[in-house]
Amino acid sequence: MAKGLLLTYALWAVGGPAGLHHLYLGRDSHALLWMLTLGGGGVGWLWEFWKLPSFVAQANRAQGQRQSSGRGTPPLSLIRFAAQMIVGIYFGLVALISFSFMANFYIVGLPLAIGLGVLLVAAVGNQTSDFKNTLGAAFLTSPLFYGRPIAILPISLAASITAQKHRRYKASFGSETLSVRLYRLGLAYLAFTGPLAYSALCNTAATLSYVAETLDSFLSWFSFFPLLGRLMESVLLLPYRVWRLLVGDPGFSSTYFQEWEKLYEFVRSFQDEKRQLAYQALGLSEGATNEEVHRRYRELVKIWHPDHNRHQTEEAQRHFLEIQAAYEVLSQPRKPRGSSR
């Protein structure tokens, strides 16, 4: 059945950020991308308004003739490359929040998440890329920046370059029923959102800590690259500026420095919260000396070491890890508020 332009626009208006129109047109990769990013943060959804006629024509051509995989190489697209970079970083941040507690996360989990994000963008429309080469580039890059959240950037860059190098048109395949497609999309959506929801709801303190550390690393790193720094600032401040445009805030000056100052203090507030939680985990009051922190740490480690609590191994393991994490936070010298600026 031929796809209708009017119905496509209706689905775009009603459920565009959730990818309903792409699901109707058989663009499942694009639909999943929109489901996971809410229509590319709303920007991609609005930009598609002018692209829908070409999407409908492409879907109708695919129904009318079998697509061949030997039609040469698709043209290079800077927009697709930029989207691969952004989505790769986004997937990496989500993985950092959800799975960074896992052993060998920076060797396996992080490059896998970033590579899958890049491949998802590469598979939008009638194009795709080589699965093995793209993931291989991500895995080869990850050891060079082991243990640092900033590894997300070079891994995403390497995977995006590789995906563009090996881009190709999709091979022809038989049509699938809607139930099978929905089942596959549902599994992918749950695999992405399930761990993130668990971390946010059941491990809120650790989730805030990971978010704060990641944002702090990004802000510090971009200070050495003024042009990229200004771009990142614009991206981070975009939701705030949209909110100000809608509701207004006449009592706050709109100068660039003050906007950045507010964002910086917002990130720093999470760092302060992390130290407060660390004091609570060790049972200390804020402002305790390094000697008091070290002495309390040694006492709690002896109490909650798993080898001394074989009758309650799981609870002891949880307390032991919390104590170690809290001690690591309090052992780091606290940065003055103006040091990173």
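What separates Arg296 and Glu299 in helix H14? Being three residues apart in helix H14 (residues 290-304), Arg296 and Glu299 are separated by about one helical turn. The legends below concern a predicted model, in which local features need pLDDT of at least 70 and side-chain atom pairs count only at pLDDT 80 or more, while totals for chains, interfaces and linings use all residues. Residues are numbered from 1 along each chain as its sequence is written, and side-chain values use heavy atoms, with hydrogens and water left out.

**View 1. The salt bridge between Arg296 and Glu299 in helix H14.** The closest N and O atoms of this pair are 3.4 Å apart, where a salt bridge denotes a side-chain nitrogen of Lys or Arg within 4 Å of a carboxyl oxygen of Asp or Glu. Arg296 is partly exposed at 27% relative accessibility, and Glu299 is likewise partly exposed, at 36% (buried means under 20% relative accessible area, exposed over 50%, and partly exposed in between, with a 1.4 Å probe and protein chains only). Helices here are DSSP runs of H or I with at least four residues, numbered from the N terminus.

**View 2. The salt bridge between Arg181 and Asp28.** Among the four salt bridges that the structure holds, this one brings the closest N and O atoms of Arg181 and Asp28 to 2.7 Å. Because Arg181 lies in helix H10 (residues 178-202) and Asp28 in helix H3 (residues 28-41), the pair ties together parts that are 153 residues apart in sequence. Arg181 is buried, with a relative accessible area of 14%, and Asp28 is buried as well, at 18%.

**View 3. The salt bridge between Glu322 and Arg318 in helix H15.** The two side chains meet at 3.5 Å, N to O, and the residues lie four apart in helix H15 (residues 313-331), about one turn of the helix. Glu322 has a relative accessible area of 38% and is partly exposed, as is Arg318 with 43%.

**View 4. The crossing of helices H8 and H9.** The axes of H8 (residues 131-141) and H9 (residues 152-165), which are lines fitted to C-alpha atoms over the stretch in contact, come within 8 Å and cross at roughly 155°, with angles running from 0 to 180 degrees between N-to-C directions. That makes H8 roughly antiparallel to H9, a term for angles over 145 degrees. The contact (heavy atoms within 4.5 Å) involves residues including Ala137 and Ala138 of H8 and Ile155 and Ala158 of H9.

Technical notes
Helices (H or I, at least four residues) and strands (E, at least two) are DSSP runs, numbered from the N terminus. Angles under 35 degrees count as roughly parallel, over 145 as roughly antiparallel, 65 to 115 as roughly perpendicular and the rest as oblique.
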